[in-house]
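Me: Could you go through this fold with me, strand by strand and then helix by helix?

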Amino acid sequence: MQHKVITIGEILWDVFPEGKKAGGSSMNVALNLHKQSIGSSFVSAVGEDDNGKELLSFLVGNQFNTDLVQIHPTLPTSTVVVQLDENHQATYTIKQPVAWDDIAVNDANVQAVKEADALVYCSLTCREEKSRNTIFSLLDSAKIKIFDINLRAPFYEKELIGKLLSKADILKINEDEIIWVRDSFQLTGNDEEQILKQLSAQFNIDVICLTLGDKGACVLKDGKLFRHCGYKVQVADTVGAGDAFLATFTACYLQGYPMEATLDNACKVGAFVASQAGANPDYNKKIYHMALGN
């Protein structure tokens with residue numbers, strides 16, 4: 001039986017100096033799941049404009065079902081200005097309000113979440129009340145709740161993040177975000193393992209994935225810490241690498257892979273995406289193995 005995952009959140013154009021590329025963390029996760037033969041659907045919204053039509057065409061071109069992507073009659077399709085520093089690390093200027101700020105809960109997306117194995121959500125989509133309420137409503141119907149914390153200043157605050165953490169069965173967080181969470185929730189651990197264990201206990205989270213950039217990643221599961229040193233690649237940009245990691249982790253986790261293999265695969269695909277321009281490079285298993293020299 002094919003596993004099914006629903007993601008909810010952003011669909012947008014990442015605008016680079018050289019042009020625009022389709023993106024949005026939630027869409028990126030959904031597309032990576034689709035590439036890895038997991039049945040995935042995506043709850044979001046685009047505007048009734050050319051940018052929205054192009055994004056829907058992009059999804060259809062990737063053989064991805066767009067039934068749960070709403071078309072907003074007044075708000076524009078999201079665009080994000082991406083700036084890369086000398087280390088190819090990305091920062092984002094995210095316009096507001098946009099269509100995905102006003103995602104409606106309806107019978108179709110409620111039923112899709114009920115039928116799925118997991119729901120993936122993030123904090124950025126909660127910056128406006130309408131989409132925030134939709135996410136909390138859909139979480140009530142989800143079997144496994146996967147939280148990609150995805151902090152994007154200035155669109156988060158402690159109270160909301162605490163509520164979102166308390167819903168999570170699985171959390172994905174990066175090395176910068178864990179510092180904010182540690183300080184905001186008065187975690188006192190002296191190293192990554194202690195902090196993750198305290199975070200797990202405080203919010204009753206079963207699995208926490210901590211991505212560490214070019215230093216790999218670690219996962220806390222059932223009180224045990226698993227580490228991976230990552231794969232060294234020539235970085236094109238970091239856009240979408242964490243999304244590819246999360247999608248691969250989710251796919252392997254649902255299929256019952258051992259945690260060591262799950263973490264290895266997630267690091268491998270994340271590294272491959274970082275080696276390519278934009279968030280959604282084409283790949284299959286043969287291509288990314290070749291790219292990493294395996």
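Me: Which residue in β8 is the bridge partner of Ile6?
Reply: The partner of Ile6 in β8 is Leu119, in a predicted model whose local features need pLDDT of at least 70, with side-chain atom pairs counted only at pLDDT 80 or more and totals for chains, interfaces and linings using all residues. Residues are numbered from 1 along each chain as its sequence is written, and side-chain values use heavy atoms, without hydrogens and water.

Me: And how do β1 and β8 pair?
Reply: β1 (residues 4-8) and β8 (residues 118-122) pair in the parallel sense over three bridges; pairing requires at least two DSSP bridges between two strands, and strands (E, at least two residues) and helices (H or I, at least four) are DSSP runs numbered from the N terminus.

Me: Which helix packs on the sheet at β1, β8 and β9?
Reply: Helix α4 (residues 129-139) does, touching those strands, and its direction makes about 155° with that of β8; contact means heavy atoms within 4.5 Å, and angles run from 0 to 180 degrees between N-to-C directions of axes fitted to C-alpha atoms, for helices over the stretch in contact.

Me: Switching topic, how do α6 and α7 pack?
Reply: Helix α6 (residues 175-184) packs against helix α7 (residues 192-203) at about 60°, with the axes 11 Å apart. That makes α6 oblique to α7, where under 35 degrees is roughly parallel, over 145 roughly antiparallel, 65 to 115 roughly perpendicular and the rest oblique.

Me: Which residues make that contact?
Reply: Ile178, Val181 and Arg182 of α6 meet Ile195, Leu196 and Leu199 of α7.
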